[in-house]
Each structure stands twice: as C-alpha cells, then as structure tokens.
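User: I am new to this structure and would like to learn how to read its features. Could you take me through some of them in turn?

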Amino acid sequence: MTEERVGVYVCHCGHNIAGTVDVEAVAQWAQTLPYVAVARDYRFMCSSLGQELIEKDIKELGLTRVVVAACSPHMHEPTFRGVSARAGLNPYLMEMANIREHASWVHRDDMAAATDKAKALVAGAVRRALELKPLEPFKAAIKETTLVVGGGIAGITAALEIANAGYPVVMVEREPSIGGHMAQLDKTFPTLDCSACILTPKMFDVGTHPNITLLTYSEVEQVDGYVGNFTVRVRKKARKINTDVCTGCGDCWSRCPAKVVDEVFEAGLGYRTAVYRPFPQAVPKYPVIDVESCIYFQKGTCRACEKFCPTGAISFDQEDEVIVLSVGNIVLATGYKTFDPRQIPQYGYGRLANVFTSMEFERMVNAAGPTGGKVVLRDGVTTPKSVGIIHCVGSRDHRFNRYCSATCCMAALKFSHLVKERTNAEVYQFYIDMRASFKDYEEFYVRILDEGAHMVRGRVAEVTDAARQPGEEGKLIIQVEDTLIGRQRRIPVDMVILMVGMEPQEDAVEISHLFGIGCSTAGFFTERHPKLDPVATMTDGIFICGACQGPKDIPESVGQGAATAARVLSLIGQKEVEIEPIRAQIDESRCSGCRVCNTMCPYSAIDYIEELGVSRVNPALCKGCGTCVAACPSQVITGQHFTYEAIMAQIEGLLYDVRSGNGHKTVAEPQPVEVA
Amino acid sequence: MTAPNGQYAYYPGCSLKASASAYERSAMAVLERLELRFVEIDDWNCCGATEYFSLNRLPAYSLVARNLALAAAQPTHELVAPCSACYLNLRKTDDHMRQEPKLKEQVNRALAAGGLHYEPGTLRVRHLLDVIIDDVGYEAIAAKVTRPLAGLRVAPYYGCLVVRPFESDDPEYPTHMDRLLEVLGATVVDFPMKAHCCGGHMTQISEDTAFELIRRILHNAAAYQADVIVTVCPMCQLNLDAYQGNVNRRFGTAFNLPVLYFTQMMGLAFGLQPEALGIGSELVPAQAALNKIGQVPAETPRHTPKRRDKDALPMPSRQRR
Ligand SMILES: Cc1cc2nc3c(=O)[nH]c(=O)nc-3n(C[C@H](O)[C@H](O)[C@H](O)COP(=O)(O)OP(=O)(O)OC[C@H]3O[C@@H](n4cnc5c(N)ncnc54)[C@H](O)[C@@H]3O)c2cc1C
C-alpha cells in the first residue's frame, strides 16, 4: 500500500475569490489535512504559470491526486484535467472545489463565513479525490454530416459555410420555404439594401448545393446519442405535392378557390390560397396544400388544382414521412416570433383598423407584398398623411419582457425613411431611449433625423379614436407624456405602427428539452459562456445561432451562423471525439434482472439480456445521469466517478467540523486507500 | 359558484341610500332573481369617499376599518360593495393594513375605543359586478333572460375606480361588462373612454376640469351612437347624468344620453318592470331609448374595420394568439 499524496491548489482568481475568501488561510489549513502533501495558493491557477506550478509538483513531489479550489468545473475542469494528463497523472484523479460561484460570489459581505465554507468545500474535495478511480475516455468517430434546424439567415449561413468546406449538411425547416423573417423584410438597416436581393442568392445556393439536403415542411421529433453520433428522427409533413414532377408553374394556386389570411409570411396583411407557395423566390419552388383550408379536404369536393396541374403533381393521398438521420453535430437556428400586441389593449391592435404591427408594415412596404409596396391605410387605398411609430411594444416592459429587443429602434428609423420616401407623410417616433450602437447605426439615426422625423421621448399611454378636440375627428390619437418638454401631448395621426418586440418561438422550451440544451425562463437558448463561448451549449455537439439565442439583427445572426460553422468544422477536423467515461456500470453477477433500471433510463441505454437474465448498460448511449444508480433495488449499479464511496467521502469532508450533541466529531478521519 | 355558504355581507354605502337608490333597488331585485343572499352590515358608516384619504390618513383608514370590523362579525368572508369608491376604499384599507403593520396597529387602537378589532385579510372585498360575473357567470345569467335588450346600443362605462384592482379583467381596457351586456342581448359599442375618469368630486372644486372630463365621455358615447351609457358606480352615474345639462350649456353641445346602472339593464332583460328597477329617477330620461328594445337597429357601426372591397387589407382578429 503506497501512501496517497494529494496536492491542493487554491486560486485567487484575481479579486474574484481572494476578495472574499482568505485564500492563504485556506491553503495553509489544507496543508494540515490527512494525505495532503502540498497546498498552495496562486493568483491565477488557470494561467500558464499556474498550470506549470501544478505540473511541476505532480512530477517532483509524486502527487497521486490533485484538488483545485477555484471556479466551476464547467469553466476549467478541462484545463486542469489537461494539466494532470501532461504531468502523467490520470486526469480523472483531479477534483475541483468550486469556491467562487459556491463561496466568494454568494457571500461577498461575510469573509469569515466564506472562508469557512471554502475550507469545507476543499475538505470535501480532498476526501472525494482520495476515492476517485482512474478512467480512460472513450473515443468515438465523428459523423461528418451536420444537422441545421431552422432555415432563417442564421441557419442558412451555417449550412453554407459547412457545405462549402466539403461536408454534408441536412437542413430541416418547419415552413414550406427557407428564408425565415429576413425573407419578409423589405429593406434592411442601416444601409437600406434590399433584403430579398441579398438573401435570395443564398437561399438558391442552399437549394442547389450538392452537399446540402433540404427538408422543408419538416420537424425534428426525436434526438438520441451524443456528440459525433446523434440519431435524429424527422417528420416530413405531407406536402400533398409530388415534387418529382412538380415544376412550380403556379397553375394550381392561381386556380385555387380557397382564400385565407396568410398569418405567417404576410404577417396577417395579405391572403393566400389553400395550395400555396409562400413567396415567389421560395426555396424549394414547390407549393404545399394546407389541409386545414383546402376545400377538398374539408368538404370532399373541388380538386381544382388537380384538374389544372399540367404534370399531375397533386397527390392528395400523400402521407407524412419519417426520416431517420445520423449526424455528428447539430446547429439550432430556430429564430424568434414577434410579440402579440393584443396583450396591450390600450394600443388598439385588432380593434382600431389603422394600427399595424411592424411585421405587417414590412409586408406593406415590400414591393412583392399585398399592397405592392404602397403605404396605405387598412382600406387599401388611402395614403396616410401622418404616421406614429411606437417603440418598445412588449419590450423593456416589466409586464411582458424586461429585455430590449435590440432591433426595433433601427427598424423604426428605417420605417421613417420608407414612409417619407413613399408618402411624404409626417412621421412621429415615440421612444424611451434611442439605441443606435454598432457600426454605422448612429450615422443612420442622424440621417433619419435630417430627413425630418419628429422624435417624442415618452412611453405612449394610449392610442384611441375617441376624439376630444377639433382636428382629432377621424384620426387615431396618440396620448403620450413628452418627457423632454414635461407635458402630456395628444398627437392625431392616420396610421400607427407598433414596433413589436422579439420573443422566443412558441415551442422554444419544448425544443430545448428535445435537444437537451438549456434555455432561459423566457425561452431563449442558453450559450455555454456569454462571452467566451457564445454559440456552444452545455451539450457537446449542439450549437446555437441567431435570434433563438436572444434578440439580434441580421449582421449578428450571420456572424453567429458562421461561428457555429467554425465550431462544427473544428470538431469534424478532429475526426474523433473523446467522450467522458462517466457511465453507469452494472455488476452482472449480482443483478437480479428485475428491470427497474430499464424502464427508468431516460436515454433507453439499458438492455435486458434475455439469455443471462441480467441488464446491461450500453456505454454509447448512457449519459451518466445516475438515475439507474439510485433506482437499483439491489444497489449493484455503480456510477463511475460518482461511486457511493466517493459521494459519501465528499459529504463527510464537507461536514468535517460538524460535531454531534455530545461534542464528538460526527465523521471519521479519512482512512488510507489503495493507490490505483 | 357563490360564496361558501351562499351568503354575502353587503355594504351599501351612502349613495345607495340616497342619490343612487335606483342602484340599490335594481340590485336587490336582480339579486333575488339570481338567488343571492346579501345581508346588510349592521350600523355601517360612510367610507370617506375619495377625498378624506388625502386629508388625514389615520382617521380615513379607521373610518373604513370600522366597516370591515363590523362585516367580519358576519358568518361570511365575502364583503360586497356596489359603489366603486366604497369598493376601492374597503379593499385599499384591508390591503394597506396587511402591508403596514404600524398602520394596522394604529387603526386597531382607534377601533378599540368602540370595542372593535379587524384582522386584515379576514374578508374578501368585492365589487358587485365581480360577484355577478365571476360567481354567477354568464351562462346562469343568460338562462334568466326573458326579454333580450335587442336593438339597444349601449356604451359600457366602467369608470376608473373599479378596474384597479380588478383581478380577472384588463385594467386598461376591461371587457367583463361588455360581455355581460351582450348576454343580455344588447349591442355593445366600442367605447374607448370606458375606463377614463368621470371627474369624481371635481365638480365641487373645479368645474373646468370636471365638465371637460364629463364632456369627453359623453362625446365618445355619442360618437359611437350609443342609446344608453351603462355604469357600475353611483359617482359616475351622478356626474354623467346630473351634469349633462351643464356640459351642454357650457360647450354648446346637445347630448341626450341616459345613464343607467348595469343592474337596471339586467332587471329589464329579466323581464322586471322599469319602476321596480328605479327607472324614471334619472335626470336624463331613459324611457325614449328603452322603447327601442326589440327594434332592430337601422344603422351599422360607423367605423367598420370589415373588408370593404377588393382593395381592403385583412383586419387582424381581436383574439390573442
Ligand atoms: C419588424 C422587424 C424588422 C427588422 N428589420 C431588420 C433590418 O432591417 N435589419 C436587420 O439586420 N435585422 C432586422 N430585423 C431582425 C431580423 O429579422 C433578425 O435578425 C433575423 O431574421 C434573425 O434570423 P434567424 O435566422 O435567427 O431567425 P428567423 O429569421 O426567425 O428564422 C428562423 C427559421 O427557423 C424556422 N424554425 C423555427 N422553429 C423551427 C423548428 N422547430 N424546426 C424547424 N424550423 C424551425 C423558422 O420557420 C424560420 O424559417 C427585423 C426584425 C423585425 C421584427
């Protein structure tokens, strides 16, 4: 039996830990713990000097275990495992004590208590480290195919970057066409270039790229596996169109008698038929039949499209198709939805005809939209003489969303320009603060001011058609406190545009569960690190980009899309990934074959071996969650790295100074253990 | 669903015994039809209305708390006030006593002089409108309608006091009473001023302010071609009704809009006689307008957001997503 030798390294993290925890005292105290051969404190353990310090100790002092008391293992466990490995120590014999998030940051006003807690955490980590067993990571080949979910500008960018590098991509888009919100826009701030002109070529490239398989009108139903080896089940909804023969000629939709309001692409401002292609530049070019509004599906007769289709492409009995994909990495780019302003009834949306949402207005100014680009009132003909644009509708509002939607200020300025350009109407902007950060945005703001927009600083109280004084008859009156002149004002206008905020998609929370990633309570997906790892998630091999991660504009969405591609390509380039060997293991000699674990496992990773009458864990599917370990009635399942011994030892360490009523210590001193 | 034992403590407030006696008469008649049991609290006093609170806080709260203490002695925890100002004051006092232990202690010291005590949170203070809509429900009300108010265009006027706090409706644009009146068969006009202030007691302090506020509301109801304004508050009724003549003289307008209580409308729809509902005591006579009941309105609403011709853009639905 060789004597264990533990090294303890207490990090100052600059002022982050040392400002609240007496790091020197913790290190000196740790030195007195059984089996601790050396304990040191250092300004930044993660710096190269800090790392070298540990490496040197491992080699020179023959350390058999290492404890690093610093930040969260989410942050630096890989770093210090690397240090151990380089010094010849099995990386799984390194244990971290989180004395930053768990002590210094949460007890800022009580140094003594924070220091005591840090000591307890270190004691727990030392005791646990003594129970750890060396492990070898699995190696798994990385599948070269990448799944991109969502075909907005963020997903399109990611897909093209990866495909251009020579690797296969499958893109899954829920709607009949890719393009996302950008396809609905007319001009884009701050340069006012035409949205379709810059987007359509990219959509075309996605549709024709030899490395991209495009599945539109499709949704992901199930995701299994792990980085490098995901199995994904996709439901391809029945288009009711045989795309092998359809030419996209349009004979079907020009003959379709069923007209419904298009709530998706036209944002409710226009109509579409039951068989439809959302917009002329759609990719793919094929229409779909919306069964809900199709007369044939609802009433049993019609089939006009079928009669007129020159190629016989209408296929009423086409069924949904389920496709199983095998992919190495996943990029989520599911975008956003807009705030429903009916939640603020005093702004009149849905009640006052000439109140529009910003998305409706985008469609109105779009040359291919329902009005052919004319700015008109709801009657479709009258040109407004004055337009009020209300900012922050559903954003920066404690009743709805506290956050800033980031794009509305600039879009509102863009609208100002478009209204002036097309109607010469007076434009009033009602804002709380103007936010014009980033390149060329402030210049754009100044340009719009020069064009003569009236800027009123104040949150609008009400939009009403209740006229009160002469000049208000037949107008929409905007009641607002102008906080710059300190007065209530009533401004009569013909048209009101509500700059609705950006929100997570309706199903964002379910999607985050489906893919096993985190999201905020609102539903925006959570990045691995807000500064240093903004497009990765806590789940290896799953990346996020665009507005599904938080409100953002096109340049930023494109930047993130390309960033996810870089991350995916770097993984593909590694050819194989190391996978945490932290898995459950069943002692088959003692397994009673009761199968409790089989049903409990959330990843279906446990098989029952009929011939032997025992259960067995499939390490490729097991995620080491520990559910079966806790559930096994015979206690014969071990969670590697989280053995009963290790967990109990850690608890005993944490409680090292707790005494029972009679003054005796409640936990025993650490017992020597065999070196592995 | 009614109160646990089907009984409510009833706080009428001064108005219902005087200027708004029509409100009380109609309310009692309707409650009987709905089989709700209201027991008036014994020896109640004035709630202090809207102004006492700004003059002297402690006596103001004590005045109201006395009523709460008396009501709490009844075998129910539901206290109902038909007047919006009374409702607000009772509710505010209960709430503030709960939030401010010091106030609770001081008020109770004052109450002790009369041998009373009130523990905040004991009572659930409710407005009559809320009891009728949430406890009785639209369906049960519809079942009692024998003479639908078809053909009558009504402007639902909530006023500013009842909507805050009003749990189950939007404070900025309430629609509870709209639906109630629709159930009664009336045509409810869109009424943007529905939750704006009627001026309250400003009529006594500044006619300039009060008459302008009243004018706006009348103007709006007239613009929407309402036959009747329907209120839930004696103060609102008084201001819009009694000062309508003054407003007409001052602004050269010719408003002729009767102002009735929602309970009077319910009573009419339930087939009760107008006299039994106190109809006739209003200053702008309602009878001419009420004669319209049963006649189909000739005109359609002025501002129609419907699809008018092939150029028109679709109108978003009112339903939230
Ligand atoms: C009124 C308005 C005006 C704007 N104007 C500008 C401007 O001028 N300039 C600018 O830079 N930005 C502008 N923006 C912001 C711009 O719209 C966004 O930055 C951009 O669209 C974000 O792209 P995205 O790909 O992340 O998301 P989206 O465009 O929302 O695309 C997401 C895609 O994913 C699909 N999807 C969603 N869920 C699923 C699922 N579960 N499975 C499969 N597919 C799914 C969607 O159908 C959609 O195609 C504006 C925003 C608004 C509201």
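User: Which side chains meet in a salt bridge with 2.6 Å from N to O?

Analyst: Start with the general idea: side chains of opposite charge can pair when their charged atoms come close. Keep in mind that this is a predicted model. Here the side chains of B:Asp43 and B:Arg66 form such a salt bridge, at 2.6 Å from N to O. The pair joins distant parts of the chain, 23 residues apart: B:Asp43 lies in the loop between E2 and helix H3 (52–55) of chain B, and B:Arg66 in helix H4 (residues 57–72).

User: Is B:Asp43 buried or exposed?

Analyst: B:Asp43 counts as exposed because its relative accessibility is 51%, and the cut-off for exposed is over 50%.

User: What are the burial classes of A:Glu266 and A:Arg363?

Analyst: A:Glu266 counts as buried because its relative accessibility is 9%, and A:Arg363 counts as buried at 2%. The limit for buried is under 20%. These two residues form a salt bridge, with the closest N and O atoms 2.7 Å apart. They are 97 residues apart in the chain: A:Glu266 is in the loop between strand E13 (259–262) and strand E14 (270–273) of chain A, while A:Arg363 is in helix H12 (residues 358–365).

User: Which residue forms a salt bridge with A:Arg396?

Analyst: The partner is A:Asp433, and the closest N and O atoms are 2.8 Å apart. Both ends sit in loops of chain A, 37 residues apart: A:Arg396 between strand E21 (386–393) and helix H13 (408–423), A:Asp433 between strand E22 (426–431) and helix H14 (441–450). A:Arg396 is partly exposed at 23% relative accessibility, and A:Asp433 is partly exposed at 33%.

User: How many salt bridges does the structure hold over all chains?

Analyst: The total is 57. Some residues are linked in a network of salt bridges, among them B:Glu78, B:Arg124, B:Arg126, B:Asp130 and B:Asp135.

User: What is the count of salt bridges between chain B and chain A?

Analyst: The count is one. The side chains of A:Arg351 and B:Asp190 meet in a salt bridge, 3.5 Å from N to O.

User: What area is buried between chain B and chain A?

Analyst: The size of an interface is often given as the accessible area lost when the parts come together. In this model about 2,700 Å² is buried between the two chains, and carbon and sulfur atoms give 52% of that area. On the chain B side, B:Leu313, B:Pro314 and B:Arg321 lose the most area to chain A, together 26% of what that side buries. As for contacts, 29 residues of chain B touch 36 residues of chain A.

User: In what sense do E1(B) and strand E2 of chain B pair?

Analyst: E1(B) and strand E2 (residues 37–40) pair in the parallel sense over four bridges, with B:Gln7 opposite B:Arg37. E1(B) also pairs in the parallel sense with strand E3 (residues 78–81) of chain B, over two bridges. There, B:Ala9 has B:Leu79 as its bridge partner. B:Gln7 and B:Ala9 point one way from E1(B), B:Tyr8 and B:Tyr10 the other way, and all are buried.

User: Which residues form a nonpolar patch on the surface?

Analyst: The patch is made of A:Phe642, A:Ile647, A:Met648, A:Ile651, A:Leu654, A:Leu655 and A:Val658, with about 550 Å² of accessible area together. A:Phe642 lies in the loop between strand E34 (637–639) and helix H19 (644–654) of chain A, and A:Phe642 is partly exposed at 41% relative accessibility.

Terms used
Residues numbered from 1 in each chain as written. Chains lettered and ligands numbered in written order. Predicted model: local features only at pLDDT ≥ 70, side-chain atom pairs only at ≥ 80, totals over all residues. Heavy atoms only, no water. Patch = residues over 30% accessible without salt bridge, like charges linked within 9 Å, V, L, I, M, F, W, Y side chains within 5 Å. Areas by Shrake-Rupley, 256 points an atom, 1.4 Å probe, with all protein chains shown as cover. Salt bridge = Lys/Arg side-chain N within 4 Å of Asp/Glu carboxyl O. Buried < 20%, exposed > 50% of the residue type's maximum accessible area, 1.4 Å probe, protein only. Pairing = 2+ DSSP bridges. Contact = heavy atoms within 4.5 Å. Buried area = accessible area lost by both parts, 1.4 Å probe.
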